[in-house]
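Dear colleague,

I am handing over a structure that will be new to you, and below it I have set out what was found in it. Please read the notes with the model open beside you.

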Protein chains: 4
Amino acid sequence: MIKVAINGYGTIGKRVADAVAAQPDMEIIGVSKTSPSAEAFVAQSRGYPLYIADIGRKPDFEKAGIRVAGSVEEMLTRADVVVDATPGGVGAKNKPLYEKLGVRVIYQGGEKHLLAGFSFNSSCNYAKAIGRQFVRVVSCNTTGLCRIIHLVDTAYGVKKVRATMIRRASDPGEIKRGPVDAIVLDPVTVPSHHGPDVQSVLPTIPITTAALIVPTTFMHMHVVMIETEKEADREEIIQLIESHPRLGLVRPATGITSTAQLKEYMQDLGRSRADLWENGIFQDSVSVVDGHEVCLYQAIHQEADVVVENVDAIRAMIGEVTDAETSIAITNKALGFTAI
Amino acid sequence: MIKVAINGYGTIGKRVADAVAAQPDMEIIGVSKTSPSAEAFVAQSRGYPLYIADIGRKPDFEKAGIRVAGSVEEMLTRADVVVDATPGGVGAKNKPLYEKLGVRVIYQGGEKHLLAGFSFNSSCNYAKAIGRQFVRVVSCNTTGLCRIIHLVDTAYGVKKVRATMIRRASDPGEIKRGPVDAIVLDPVTVPSHHGPDVQSVLPTIPITTAALIVPTTFMHMHVVMIETEKEADREEIIQLIESHPRLGLVRPATGITSTAQLKEYMQDLGRSRADLWENGIFQDSVSVVDGHEVCLYQAIHQEADVVVENVDAIRAMIGEVTDAETSIAITNKALGFTAI
Amino acid sequence: MIKVAINGYGTIGKRVADAVAAQPDMEIIGVSKTSPSAEAFVAQSRGYPLYIADIGRKPDFEKAGIRVAGSVEEMLTRADVVVDATPGGVGAKNKPLYEKLGVRVIYQGGEKHLLAGFSFNSSCNYAKAIGRQFVRVVSCNTTGLCRIIHLVDTAYGVKKVRATMIRRASDPGEIKRGPVDAIVLDPVTVPSHHGPDVQSVLPTIPITTAALIVPTTFMHMHVVMIETEKEADREEIIQLIESHPRLGLVRPATGITSTAQLKEYMQDLGRSRADLWENGIFQDSVSVVDGHEVCLYQAIHQEADVVVENVDAIRAMIGEVTDAETSIAITNKALGFTAI
Amino acid sequence: MIKVAINGYGTIGKRVADAVAAQPDMEIIGVSKTSPSAEAFVAQSRGYPLYIADIGRKPDFEKAGIRVAGSVEEMLTRADVVVDATPGGVGAKNKPLYEKLGVRVIYQGGEKHLLAGFSFNSSCNYAKAIGRQFVRVVSCNTTGLCRIIHLVDTAYGVKKVRATMIRRASDPGEIKRGPVDAIVLDPVTVPSHHGPDVQSVLPTIPITTAALIVPTTFMHMHVVMIETEKEADREEIIQLIESHPRLGLVRPATGITSTAQLKEYMQDLGRSRADLWENGIFQDSVSVVDGHEVCLYQAIHQEADVVVENVDAIRAMIGEVTDAETSIAITNKALGFTAI
Ligand SMILES: NC(=O)c1ccc[n+]([C@@H]2O[C@H](COP(=O)([O-])OP(=O)(O)OC[C@H]3O[C@@H](n4cnc5c(N)ncnc54)[C@H](O)[C@@H]3O)[C@@H](O)[C@H]2O)c1
Ligand SMILES: NC(=O)c1ccc[n+]([C@@H]2O[C@H](COP(=O)([O-])OP(=O)(O)OC[C@H]3O[C@@H](n4cnc5c(N)ncnc54)[C@H](O)[C@@H]3O)[C@@H](O)[C@H]2O)c1
Ligand SMILES: NC(=O)c1ccc[n+]([C@@H]2O[C@H](COP(=O)([O-])OP(=O)(O)OC[C@H]3O[C@@H](n4cnc5c(N)ncnc54)[C@H](O)[C@@H]3O)[C@@H](O)[C@H]2O)c1
Ligand SMILES: NC(=O)c1ccc[n+]([C@@H]2O[C@H](COP(=O)([O-])OP(=O)(O)OC[C@H]3O[C@@H](n4cnc5c(N)ncnc54)[C@H](O)[C@@H]3O)[C@@H](O)[C@H]2O)c1
């Protein structure tokens, strides 16, 4: 059993914890919080030992009825792999400690590529993570782009990608972040930094991206236009998507044309936390323009798609499973995850 | 086993179906849809026989890969109790058919009190539903108000209730209804019609209500101010809430101060569809002003609170369980529902 | 003085009315409403004679304190040009009446191209409208696209346009339309119908468009990527935009990066109804990728950009001013409109 | 002419500046900004001398094309009255400087009552501000409550006020503040601090308030329930509102039932920045329950209602106009403000 610790039990951390706990070859040995909160009660109800960043705050937790297993440093010494899911930038501050303890660490997309020196996506470069001490799972948007671009590249060769990301403003449970009634250019410059981030995984893909923020909470939406080297065929692309373990087709018969309905569908299907782990590609949108340009919409559930990547990354770093297909199959099976 | 049919498998219907299926003394013998949709696939994945309103549309369903068990009328003849969860107003049109078939029917809050002649809330008037053919489960807002008002009335006597309902604009999966950026008075008159609706369950309570719509999707929020006959005590009220099977306290240590965070908490706790079946009363808000006025905030999950009421109503109409406490206990246990 | 009637005094109609009234060569001889409302009081406060569709409803208006000048048909007979700004589809129903009366009519983008047989944009095809009886001012989105595409085409030749339109869900004063929390694909197919609509004005431009709806009210946002025949130069494009009478640059020093801030700026500058009549092109976003692809963001104020086009269209149809530059200059001057 | 300086030219400051500039007995001698922005360009376009907090940043402004008149301290020495409209809390930091210079200062509602020692509302306590060095214009919500409560108190005597404030999440031009999809209790305790703030102006009024935040930008909405000593009469209350210079009636014939439509109406009427300076009381909502409780909805335009109060406060402090009626009349006339 691979012993996994979650440093930063928030939106991403709590999902990775449950996904890890469901795996046959992994166990959660601890999760960490900085202050008492609803999530601390959730960790406790799941039976995850709770470690805290500042052990001096132990009485605060106990007064609230939350048991504390120890300090974050104690947790780290007991782990084979640490998933650092602290807020963007905190991971960098944690690095000296991780280096001192010599523990393997997975960073999230809020950290820079250089911090880990390797950016991971299980469908694209699983094998290259084997044996590494530091790996960064790329952001939700980059994960979604890498999956589809790599598929099209393998099938037809990619000449040029243009992608516009319409991003959700906040996660559903966040109440401070806006905007309330605005479309915000973030960044105001085109191309955005998302293109280079894709290249941290797929270095040779020419890509121009634009990114905006809109006042919704459920999922990002990508408009993807990929010019191909070879002529592309709509039906073939649809079949490739259907047989990909991390891509899903939103069928016309469902009547779903929005992020909100897709979230509702995941909830109805009983998925844990209504999570959409795969790219939600709208079948009706898949088209080939002039024979050489693949166009499509894909919904990317920001809270979910990186979760399964983290699980695969753990397995790759430990190195007992050496190929992506096997790891992905184990991960998906353990979650009861069949693409929609 | 009580045979239950769900006529109108939508937001409310799909939840009642799952809650019924979980009961030890009930089974779902069919659910109905008017056209193929995501929800039809959900019914199929749950194994509920799907009946359709217009049997002429059977080929549409089959082409989409959805099996059809028969017509709605066939479904109705096989049921002991029908839960009519069609959109507001459709239930009235269905009544002649129900009368012809002599089947027991539960209507929802979108129908008028007079249609059923009896308005139901399990905590207030369970026993009066025994043996009835038609029962109306009051709306989500009225259900939430009845629960807390009845509690305070029993403890201290209610002199006067003032309640403001800040209502969610649409359910999360609805994409047509707004507003986007407005506070809408609905109705623009004060008092609103919600007071009289409470009186359909609790006829002697003097109550003034106001109701507004705001652009959110997760839950309604009620500001409740209840003048009492006897002097009220904050700690005692909190204890009464804690021991009520359909009221829950949102604890200060969770840090939750909004509908969105409360929804997230239900999702984290693994509740089916992240449902809050109880009133979510904010413990920090509970106060007694001048000894004789109880004030509090309660979050009401519009999609969920009436679900458990429907289950109890089924049991009451059949009449084998004659007291509310027993039915509520069975319902809650089957759902694994312990108030937060 | 050209006598202008506004049939349909709503979001667009009320703006066109004021813009027309401000012109030296035009006057408003009447506006129409179907029922008493805030807008009827506004028309009255502006001194515009109010005509009503159903003269039988005259007492309703008078009881509310609104004077009625007569029926819509009477209004139409007094006009040289009618601006039909009724809701999409109503214009088609009005056509037989317009043909009977032989009056010149301008339709809006909610009507089909074929209804008028000619689609207008003053920067692109002013002269072709001269003498026509029916002209259609294209939609707000198409107007915004035509302006910038035509500019780039004239300067460098357009090889291919890719545009994504992130559309506001409702106008600020609309309270029924949603969504509240969703990104909606409208249509779910790519390319959307906006490309062909651009071609109704610029027939030879190859263009692929995608369109989504997001829960905001202030403006649409376009992501525009234009491949050019000749090599393009960023500074030159910026200068061309600066000297175009219907394009405006949102300067970096303003700190504006969103629709909401841009609306606020228009309001602060004292523009009538805070209207942004020009394309709001974000200077920081203007870029040239690989020498032959112009990329930029532009905000399109859905309520405003077509207003000035309607004024020019009136002038073109009457035919006394035969060139676009002169008409645009008169229109802009009368509104005190200097591009930001 | 009273020389007025605006320290903090933001949402409130820019409106007060224009209102002051419109008065016959006042002039703007300067406004201040901390960094270049759209608002700095607006000040320049209005011809207001611009002073900056940190004179070292002068080159930043000049590079952006904005002329700088000097430092904030220089501006303060030239003013008879300073309107401090800096963000909440900054005013307190500015006090030592104001005391050193001995200048008269008006604070806004974001500062504490004790900072000024006197809280102002022109309809309630104009005369008490005469000759003071420091005055605080109460917040938008408190201003709206004081106006209506004082009116009812004068007419019938107030026994008890209950008010729920449904607050807009952010001003329209703010893009960082949320929530996106939540109803937030702020504070989670009942009563909220708004009651005591009303008592800073009307010390003897018994009042319980509750306050929530919802994702809208245009206006707050108040549900006001006032128990009266004497029997109240609906028609009489409506007449009192009609004749009050700072209360307005939203007429049923307008069809307006929301904040968004009311904002649109102000925009259509040509009000500066679409400002609703008065309480927008919905005539249809005005009711008397059981003879002794006045109920109504009022929309409060957060950006606007305090603007006219600031103008009156300037006049009161200087002391040449000694009665509220005269000052209010001058203020309103200068703005062309007739209540709707
Ligand atoms: N939320 C998303 O949509 C999303 C998607 C993909 C990637 N990410 C990335 O995942 C990472 C985590 O984001 P999140 O949204 O889960 O954040 P979050 O704020 O929801 O959770 C962060 C957690 O870390 C804890 N924490 C904060 N400081 C800590 C410290 N010093 N030591 C230990 N724990 C600490 C917090 O208590 C919280 O529980 C970021 O890098 C983010 O960019 C987020
Ligand atoms: N959604 C809520 O928040 C909520 C809360 C409490 C009560 N209610 C009440 O519950 C009832 C149902 O509301 P909902 O929100 O679930 O509606 P919904 O629109 O989500 O679902 C209604 C379902 O009925 C089906 N239907 C429509 N016409 C039908 C017909 N003629 N025959 C059979 N089926 C038909 C639709 O296909 C749909 O599946 C209404 O009375 C409503 O007022 C709704
Ligand atoms: N609102 C926008 O953002 C926008 C932008 C560009 C183009 N358009 C187009 O402009 C047209 C008008 O749209 P709008 O948004 O101003 O609509 P609107 O609903 O705001 O106004 C329509 C007006 O027409 C009146 N009306 C309705 N039926 C009528 C009839 N039979 N006869 C006379 N008057 C009638 C209504 O009372 C209303 O005042 C549509 O074609 C629309 O597609 C709208
Ligand atoms: N916005 C509202 O709805 C509203 C309503 C009523 C009262 N108020 C109160 O009015 C005050 C101002 O609020 P606002 O919304 O106008 O804020 P704002 O942020 O819109 O404007 C504040 C302005 O002050 C400037 N500023 C910041 N620090 C400064 C400093 N140290 N010296 C000089 N200028 C500085 C900023 O550049 C900005 O222009 C606050 O007390 C607030 O509580 C606001």
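D:Arg273 sits in the loop between α11 (259-268) and β14 (279-282) of chain D, where helices (H or I, at least four residues) and strands (E, at least two) are DSSP runs, numbered from the N terminus. Although D:Arg273 is not a glycine, its phi is positive, at about 50 degrees. With 5% relative accessibility, D:Arg273 counts as buried; buried means under 20% relative accessible area, exposed over 50%, and partly exposed in between, with a 1.4 Å probe and protein chains only.

Before going further, please note that this is a predicted model, in which local features need pLDDT of at least 70 and side-chain atom pairs count only at pLDDT 80 or more, while totals for chains, interfaces and linings use all residues. Residues are numbered from 1 along each chain as its sequence is written, chains are lettered from A and ligands numbered from 1 in the order in which they are written, and side-chain values use heavy atoms, with hydrogens and water left out.

A positive phi is also found at D:Asp290, which is not a glycine and has a value of about 55 degrees. D:Asp290 belongs to the loop between β15 (287-289) and β16 (293-300) of chain D, and at 69% relative accessibility it counts as exposed. Most residues other than glycine have a negative phi, and most peptide bonds are trans. The bond that joins D:Val190 and D:Pro191 is cis, with omega about -5 degrees, and D:Pro191 lies in the loop between β10 (184-185) and α9 (194-199) of chain D. In chain B, the peptide bond from B:Val190 to B:Pro191 is cis, with omega near -5 degrees, and B:Pro191 is placed in the loop between β10 (184-185) and α9 (194-199) of that chain.

A backbone N or O atom of D:Gly10 lies 3.4 Å from an oxygen atom of ligand 4, an N or O atom in the side chain of D:Lys33 is 2.9 Å from an oxygen atom of the ligand, and a polar side-chain atom of D:Asp171 is 2.7 Å from a nitrogen atom of ligand 4. Taken alone, ligand 4 exposes 830 Å², and the protein buries 79% of that, with accessible areas coming from the Shrake-Rupley method with a 1.4 Å probe and, for residues, only the protein chains shown counting as cover.

For ligand 2, the surrounding residues number 20, and the closest are B:Thr11, B:Ile12, B:Lys33, B:Arg168 and B:Asp171. A nitrogen atom of ligand 2 is 2.8 Å from an N or O atom in the side chain of B:Asp171, and the protein covers 78% of the 830 Å² of accessible area that ligand 2 has on its own. Domain 1 (2-138 + 306-335) and domain 2 (140-300) of chain B both give residues to the shell, so ligand 2 lies between them.

Finally, the structure holds 22 aromatic pairs over all chains, where rings of Phe, Tyr and Trp (its six-membered ring) pair if their centres lie within 6.5 Å, and planes under 30 degrees apart count as stacked, over 60 as edge-to-face and the rest as tilted. The rings of C:Phe120 and C:Tyr126 have centres 6.2 Å apart and planes at 55 degrees, so this pair is tilted, and both residues are buried. The rings of D:Tyr107 and D:Phe134 have centres 6.1 Å apart and planes at 15 degrees, so that pair is stacked.

Key
Near = heavy atom within 4 Å. Polar contact = N/O pair within 3.5 Å; in protein donor to acceptor, adjacent residues only side chain to side chain. Domains from an automatic or database assignment.
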